[in-house]
Amino acid sequence: MSAIVFAGSAQFSAVAILAQGGGAGAAIAAAALMNSRFLPMGVAFAPSLRGGPLWRALQGQAVVDASWALAARPDGSFDRMMLFGSSAAAYVTWVGGTAIGALWGGALGDPHDLGLDALFPAFFLALLLNEARSGRARGVAALGALIALVLVPVAPVGVPVLVASLAALVGLTRSAREAVLESQEAEGEPR
Amino acid sequence: MSTGATVIAGCALVTFAIKAAGPVALGGRELPIWFTSVVVLLAPALLAALVATQALADGDRLAVGADTAGVAAGGLVAWRTGSIVACVLVAPAVTAGLRLL
């Protein structure tokens with residue numbers, strides 16, 4: 001599953017539903033909702049891609065949360081090599097780690113005791129602190145977190161993060177568009 | 001086909017389709033400024049939502065625990081030192097330490 005799905009939170013939610021006695025359809029639906037956040041990420045990444053539809057579809061597969069965030073540049077474009085490189089490293093360690101866990105998982109102890117559930121949110125928080133330098137970005141981050149938290153008790157797992165992406169619509173305001181124009185002109189390549 | 005195999009195949013297909021949708025639909029076109037402006041803000045919105053749902057919730061309910069404190073400690077380290085590596089080392093360490101108590 002790690003080798004061909006390669007999306008941790010979707011894998012975990014599908015397995016959790018099976019473990020609770022849910023059916024295959026419910027498990028797949030949960031994984032789809034969990035992965036729906038890749039839709040806006042793919043939309044953001046798309047302008048930085050080259051090539052025909054099939055090649056673009058294949059390049060889109062490389063998007064995972066961490067590499068997407070690492071490759072994002074302040075002007076809205078993406079460092080493709082950064083994204084492919086960090087995804088490749090993540091893929092090897094993810095599949096390798098799954099194999100190690102399946103073979104020797106019992107000997108490693110409970111991941112809960114090791115505090116490993118704090119690792120990913122801490123990593124995303126560090127990226128966020130790095131990313132959100134402007135007051136506008138910080139406001140959007142606060143809004144996104146608020147939307148997600150309000151929805152957690154009422155929406156299926158995965159939906160809160162998807163809906164929180166709507167906070168980025170703040171970018172439609174005139175002042176936000178002017179800020180983008182200024183940053184592009186500062187780089188000497190107006191589009 | 002067993003349930004396990006069905007779920008794995010279904011998840012693989014659905015995930016492929018979701019990840020392919022954005023890059024295929026948008027082609028290689030030049031995009032208007034309002035679009036770029038929204039895209040720039042997608043990263044903070046999604047990152048903040050991921051942090052909030054993982055550190056302050058447990059599945060479908062809000063929950064504060066040792067992991068919340070660990071993530072907060074990691075965030076403090078990242079903010080003060082600017083080091084992502086230090087942040088991801090401190091967060092699990094603090095969380096595990098609190099659970100030992």
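Predicted model: local features only at pLDDT ≥ 70, side-chain atom pairs only at ≥ 80, totals over all residues.

1. The values I quote are computed from it, so I have kept to what the coordinates give.

2. Let's begin with the contact between the two chains. Chain A brings 84 residues to it and chain B brings 64. Together they bury about 6300 Å², and carbon and sulfur atoms account for 81% of that area. On the chain B side, B:Lys19, B:Leu46 and B:Leu47 supply 11% of the area that chain B buries against chain A, more than any other three residues.

3. What about polar links across this interface? The rule finds 2 residue pairs in polar contact between chain B and chain A, both at pLDDT 80 or more. The side of chain B that touches chain A draws at least two residues from each of helix 1 (3-26), helix 2 (33-55), strand 2 (61-62), helix 3 (66-81) and helix 4 (84-100). Helix 2 of chain B gives the most, with 23 residues. Sorted by class, that side of chain B has 44 nonpolar, 14 polar and 6 charged residues.

4. How many salt bridges are there over all chains? The structure holds 3, and 1 of them is found across the interface of chain B and chain A. In that bridge, the closest N and O atoms of A:Asp117 and B:Arg99 are 2.9 Å apart. The pair joins two chains because A:Asp117 sits in the loop between helix 6 (80-108) and helix 7 (119-131) of chain A, while B:Arg99 belongs to helix 4 of chain B. A:Asp117 counts as partly exposed at 33% relative accessibility, and B:Arg99 counts as partly exposed at 24%.

5. Within chain A, the side chains of A:Glu178 and A:Arg174 form a salt bridge at 3.9 Å, N to O. Both lie in helix 10 (residues 174-186), and because they are 4 residues apart, about one helical turn separates them. Is A:Arg174 buried or exposed? At 61% relative accessibility it counts as exposed, whereas A:Glu178, at 38%, counts as partly exposed.

6. Chain B has a salt bridge between the side chains of B:Arg61 and B:Asp58, at 3.9 Å, N to O. B:Asp58 counts as partly exposed, with 46% relative accessibility.

7. Finally, the structure holds 1 aromatic pair over all chains. A:Phe123 and A:Phe124 form it in a tilted arrangement, 5.9 Å centre to centre with 45° between the planes. Both A:Phe123 and A:Phe124 are buried.

Methods: Residues numbered from 1 in each chain as written. Chains lettered and ligands numbered in written order. Heavy atoms only, no water. Contact = heavy atoms within 4.5 Å. Buried area = accessible area lost by both parts, 1.4 Å probe. Salt bridge = Lys/Arg side-chain N within 4 Å of Asp/Glu carboxyl O. Polar contact = N/O pair within 3.5 Å; in protein donor to acceptor, adjacent residues only side chain to side chain. Nonpolar A, V, L, I, M, F, W, Y, C, P; charged D, E, K, R; others polar. Phe/Tyr/Trp six-rings, centres within 6.5 Å; stacked < 30°, edge-to-face > 60°. Buried < 20%, exposed > 50% of the residue type's maximum accessible area, 1.4 Å probe, protein only.
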